[in-house]
Amino acid sequence: MNKEDYLPEDAFESTGAADDGEEGEDGAEATRREADETESSRASRGWWDRNADEYQSEHGAFLGDDRFIWGPEGLDEAQAALLGPADSLRGKDVLEIGAGAAQCSRWLAARGARPVALDLSHRQLQHALRIGGDDVPGVGLVEADAGRLPFRDGSFDLACSAYGAVPFVSAPVNVMREVHRVLRPGGRWVFSVTHPIRWAFPDEPGPEGLSVAASYFDRTPYVEQDEQGRAVYVEHHRTIGDRVRDVVAGGFRLVDLVEPEWPAWNDQEWGGWSPLRGNLIPGTAIFVCERD
């Protein structure tokens with residue numbers, strides 16, 4: 001995709017039950033309270049800009065420079081083919097939302113696709129430039145909000161998001177509608193999020209994370225806030241039913257819901273994800289959707 005093909009414009013971390021007064025990132029207070037679109041967007045941009053270096057340092061080896069990993073379980077698009085067979089990707093215009101350092105987009109480019117990697121965080125996109133160099137040309141980078149995509153209608157054949165954007169916005173149906181708008185008829189939209197059942201359990205990788213501690217039906221956002229009460233991290237909970245309704249309200253048809261099992265080879269702990277928990281309860285939900 002060339003720059004003239006789109007219009008310029010002016011996500012695996014902490015998820016689970018939290019008690020008011022707990023300490024979050026950098027001493028911030030962890031609580032459950034409402035957070036609107038503006039506050040959520042501001043918090044996400046700031047958090048990822050501050051934490052991009054640490055995130056890429058800690059998880060970069062697992063993610064690779066040009067792999068397409070759907071979540072902490074390690075499900076690889078090379079095997080899953082949720083976007084379609086690898087040989088069908090050649091020549092396709094693909095939008096990656098919440099791309100981080102654009103590892104997934106580089107994998108797509110290596111298979112002949114024309115990906116655009118979009119992220120809210122300037123620092124994450126700087127890591128994309130650092131990693132990418134000129135080894136795999138053809139990845140466009142765009143800094144923008146997923147709820148206001150700076151692209152013309154019908155610009156893409158496919159869209160994807162591996163834990164990007166969707167869990168961090170207050171109204172995910174707006175993201176669905178925007179993705180629907182920029183996709184061509186027949187386009188596929190695949191996104192992964194924390195499995196909603198995880199919100200009923202503490203965000204702990206060990207045995208203490210195996211007992212239900214909160215209501216699955218409590219949609220109150222998880223917020224980390226500073227001493228002035230300003231949100232510095234926000235994550236929004238939706239039930240499985242909510243996610244399906246968002247997909248449908250966005251104009252899509254849900255064709256598959258994938259719940260990756262924890263593989264025997266994966267011995268890592270990633271936040272609240274671990275082999276112990278992964279062998280007992282699902283950690284990731286992947287929604288495979290199509291635009292009619």
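**Helix pairs and a cavity**

I started with H5 and H6, and found that H5 passes H6 in a right-handed crossing. This is a predicted model, so I kept an eye on confidence as I went.

H5 covers residues 172-182 and H6 covers residues 240-249; I get their axes coming within 8 Å and crossing at roughly 35°. On the H5 side I noted Pro172, Val173, Met176 and Arg177, which meet Arg243, Asp246, Val247 and Ala249 of H6. Sorted by class, I count five nonpolar and three charged residues in this contact, and no polar ones.

Next I looked up H1 (residues 37-63) against H4 (residues 122-132): the axes are 7 Å apart and the packing angle is about 35°. H1 brings Trp48, Asp49, Ala52, Asp53, Tyr55 and Gln56, while H4 brings His122, Arg123, Gln124, His127, Arg130 and Ile131.

Then the second largest cavity, which comes out at about 40 Å³ in volume. What lines the second largest cavity? I listed Pro167, Val193, Thr194, Pro196, Trp199, Glu235, His236, His237, Arg238 and Arg243. Four of the lining residues are nonpolar, three polar and three charged. I had already met Arg243 in the contact of H6 with H5.

Last, I checked confidence. The chain has a mean pLDDT of 91, with 89% of its residues at 70 or more. Over residues 1-14 pLDDT stays under 50, and for that stretch I find 50 contacts beyond four places in sequence in the model.

Terms used: Residues numbered from 1 in each chain as written. Predicted model: local features only at pLDDT ≥ 70, side-chain atom pairs only at ≥ 80, totals over all residues. Heavy atoms only, no water. pLDDT = per-residue confidence, 0-100. Contact = heavy atoms within 4.5 Å. Axes fitted to C-alpha atoms, helices over the stretch in contact; angles between N-to-C directions. Helix = DSSP H or I, 4+ residues; strand = E, 2+ residues; numbered from the N terminus. Left-handed = near helix turned anticlockwise from the far one by under 90°. Nonpolar A, V, L, I, M, F, W, Y, C, P; charged D, E, K, R; others polar. 1 Å grid on protein atoms, 1.4 Å probe; cavity = no way out; pocket = protein on both sides within 12 Å on 5 of 7 lines; lining within 4 Å. Points joined across faces, edges and corners; volume = space filled by probe spheres on them.
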